[in-house]
Amino acid sequence: MYSLGGIRSLPANWRSTTASMTTTESVRKVPQVLTVAGSDSGAGAGIQADLKVCAARGVYCASVITAVTAQNTRGVQSVHLLPPEFVSEQLKSVLSDFEFDVVKTGMLPSTEIVEVLLQNLSEFPVRALVVDPVMVSTSGHVLAGSSVLSIFRERLLPIADIITPNVKEASALLGGVKIETVEEMRSAAKLLHEMGPRFVLVKGGDLPDSSDSVDVYFDGKEFHELRSPRIATRNTHGTGCTLASCIAAELAKGSSMLSAVKVAKRFVDNALDYSKDIVIGTGKQGPFDHFFSLKKDPQSSRCSIFNPDDLFLYAVTDSRMNKKWNRSIVDAVKAAIEGGATIIQLREKEAETREFLEEAKSCVGICRSHGVCLLINDRIDIALACDADGVHVGQSDMPVDLVRSLLGPDKIIGVSCKTPEQAHQAWKDGADYIGSGGVFPTNTKANNRTIGLDGLKTVCEASQLPVVAIGGIGISNAVSVMQINTPNLKGVAVVSALFDQECVLTQTKKLHKTLEESKKEV
Ligand SMILES: Nc1ncnc2c1ncn2[C@@H]1O[C@H](COP(=O)(O)OP(=O)(O)OP(=O)(O)O)[C@@H](O)[C@H]1O
Ligand SMILES: Cc1ncc(CO)c(N)n1
Ligand SMILES: [Mg+2]
């Protein structure tokens with residue numbers, strides 16, 4: 001059997017080397033994706049979409065063109081295949097020169113072109129392969145005929161880390177089975193997984209009669225339904241290419257597969273929502289804007305896509321400490337951000353609702369102007385009212401699946417977990433990260449069982465979500481926490497170490513420096 005050692009060895013919580021690389025004097029490595037796909041002259045889908053989404057997500061994208069289509073918002077007028085030898089020339093040029101983290105494939109219109117791709121990948125192994133088995137455009141034009149089905153099934157799917165067929169493509173790959181319901185999407189995902197890819201995402205954008213857009217993710221053991229309200233717009237041309245390339249971009253930055261898929265789904269949702277009214281072209285299906293995040297008013301733009309690296313220095317406020325040191329929450333938050341906090345949580349156990357809401361609103365303004373996400377502890381109502389970026393809930397607070405349905409797909413949800421079982425449940429319920437602890441004994445939370453570094457490590461290793469460590473962490477022991485060195489552990493959450501101190505700014509700077517140094521050591 002054909003084997004690409006590098007690709008198949010991607011572990012579940014794989015991180016690329018570039019993602020963890022720190023800036024040195026003269027070298028800065030950029031995550032890199034290669035897309036092997038067709039050109040869309042209308043620039044909504046294909047290579048053009050791939051380049052745009054990678055750029056929007058901060059990833060360099062090189063492009064090998066397999067075919068040129070004459071295409072617009074009305075449909076595909078004509079397709080011109082490039083000679084396989086010339087596709088191979090392009091592949092050799094870039095694969096021999098660049099260090100790609102991920103290769104993503106789109107339109108592969110002939111068996112010969114798939115063969116040259118496989119040949120080149122065996123000569124130049126890459127870390128991950130994302131296969132979007134493009135076959136028919138939404139307008140009904142054949143982009144890759146049934147002649148490619150057997151090489152897809154027998155040789156391409158088995159080496160893919162993830163495949164992202166829409167329902168029609170999933171059906172074609174499975175020899176024409178009917179896929180009209182989410183249940184049938186699940187069965188299809190399972191059958192496709194048996195063909196060899198490590199993960200399968202069956203996209204439901206074209207599922208008939210569905211008010212939600214539902215994608216089904218299968219990792220070989222468990223299913224996950226990624227659901228979001230269907231956006232009423234004509235501008236959906238290129239959603240499939242965008243989704244697959246966004247997955248590739250997130251993997252290149254070091255995400256685990258499920259996080260990459262979730263970010264990609266949210267990216268598509270946000271782009272469609274932002275672009276729902278734009279008019280480009282006169283046809284039935286228009287393109288959308290991949291650069292929505294650049295265009296929002298910086299005062300109002302929220303951190304709509306969660307970046308696990310934001311958990312690095314997680315500052316949690318405490319009203320008693322602020323009172324003790326005679327400072328407002330707003331001043332505490334400003335100082336923490338200035339000192340290098342990468343995310344803020346307001347944890348105000350005793351505050352009156354009205355007063356807390358006003359303070360939370362001010363903090364949202366400050367955080368947004370600095371591009372730092374703001375979460376609210378426990379209080380879903382306050383989070384909604386002040387338009388915070390998300391919430392953090394404990395095991396006895398509101399259940400996560402309910403929080404998700406109240407807050408919608410865009411908000412960040414964190415959950416406190418002490419055990420692998422709780423971490424697993426948090427993932428299933430749609431959380432974005434978990435907070436695990438108390439790592440060390442703490443005064444901030446009464447009757448809280450300490451899990452120690454061993455307990456933290458156990459949770460991190462089992463978790464499908466990024467983890468932030470919490471409980472009794474400060475400058476003196478932060479390094480020992482980060483040294484447990486599991487890919488899921490993204491940072492430390494601190495309360496007293498920053499806020500039960502005379503100068504929040506100085507303490508935050510010190511902790512930031514300590515954490516940066518610990519990152520260099522591991
Ligand atoms: N109107 C919509 N609102 C929200 N999400 C959507 C909408 N249409 C598609 N999506 C999402 O976009 C992604 C691509 O789905 P889709 O099934 O349309 O793929 P595709 O058919 O391969 O794409 P393309 O139409 O570009 O060929 C999926 O995550 C899907 O859920
Ligand atoms: C070139 C190209 N690739 C993919 C698609 C699928 O959307 C398309 N319409 N055109
Ligand atoms: Mg579609």
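1. The model under discussion is a predicted one. Two packed helices are described by the angle between their axes and by the distance between those axes.

2. Helix H9 (residues 239–253) packs against helix H10 (residues 257–274) at an angle of about 135°, and the two axes are 8 Å apart. H9 and H10 are therefore oblique to each other. The crossing in which H9 passes H10 is right-handed. On the H9 side, the contact is made by Thr239, Thr242, Leu243, Cys246, Ile247, Glu250 and Leu251. H10 contributes Met257, Ala260, Val261, Val263, Ala264, Lys265, Phe267, Val268 and Leu272. By class, the residues of this contact of H9 with H10 divide into 12 nonpolar, 2 polar and 2 charged.

3. A second pair is formed by helix H5 (residues 111–123) and helix H6 (residues 149–156), which pack at an angle of about 20° with their axes 9 Å apart. H5 and H6 are therefore roughly parallel to each other. Their crossing is right-handed. In H5, the residues Thr111, Val114, Glu115, Leu117 and Leu118 meet Ile151, Phe152, Arg155 and Leu156 in H6. The contact of H5 with H6 has 6 nonpolar, 1 polar and 2 charged residues.

4. The crossing of H13 and H14 is right-handed. Ile329, Val330, Val333, Lys334 and Ile337 of H13 make the contact with Glu359, Ser362, Cys363, Ile366, Cys367 and His370 of H14. The residues of the contact of H13 with H14 comprise 7 nonpolar, 2 polar and 2 charged.

5. How many residues surround ligand 1, and which are the closest? Ligand 1 is surrounded by 18 residues, and the closest are Thr138, Asn166, Lys203, Asp215 and Ile231. For Asn166, an N or O atom of the side chain is 2.8 Å from an oxygen atom of ligand 1. For Lys265, an N or O atom of the side chain is 3.0 Å from an oxygen atom of the ligand. Lys265 is also one of the H10 residues in the contact with H9. Gly240 takes part through its backbone: a polar backbone atom of Gly240 is 3.0 Å from an oxygen atom of ligand 1.

6. Most residues other than glycine have a negative phi, and most peptide bonds are trans. Ala43 is not a glycine, yet its phi is positive, at about 65°. Ala43 is placed in the loop between strand E1 (32–40) and helix H3 (46–56). Gly437 and Gly438 are joined by a cis peptide bond, with omega about -5°. Gly438 is found in the loop between strand E15 (433–437) and helix H18 (452–462).

Key:
Residues are numbered from 1 along each chain as its sequence is written. Chains are lettered from A and ligands numbered from 1 in the order in which they are written. This is a predicted model: local features need pLDDT of at least 70, side-chain atom pairs count only at pLDDT 80 or more; totals for chains, interfaces and linings use all residues. Side-chain values use heavy atoms; hydrogens and water are left out. Axes are lines fitted to C-alpha atoms, for helices over the stretch in contact, and angles run from 0 to 180 degrees between N-to-C directions. Helices (H or I, at least four residues) and strands (E, at least two) are DSSP runs, numbered from the N terminus. Angles under 35 degrees count as roughly parallel, over 145 as roughly antiparallel, 65 to 115 as roughly perpendicular and the rest as oblique. A crossing is left-handed if the near helix is turned anticlockwise from the far one by less than a right angle, and right-handed if clockwise. Contact means heavy atoms within 4.5 Å. Ala, Val, Leu, Ile, Met, Phe, Trp, Tyr, Cys and Pro count as nonpolar, Asp, Glu, Lys and Arg as charged, and the others, Gly among them, as polar. A residue is near a molecule or strand if one of its heavy atoms lies within 4 Å of it. A polar contact is a pair of N or O atoms within 3.5 Å; within protein, one must be able to donate a hydrogen and the other to accept it, and residues adjacent in sequence count only if both atoms are side-chain atoms.
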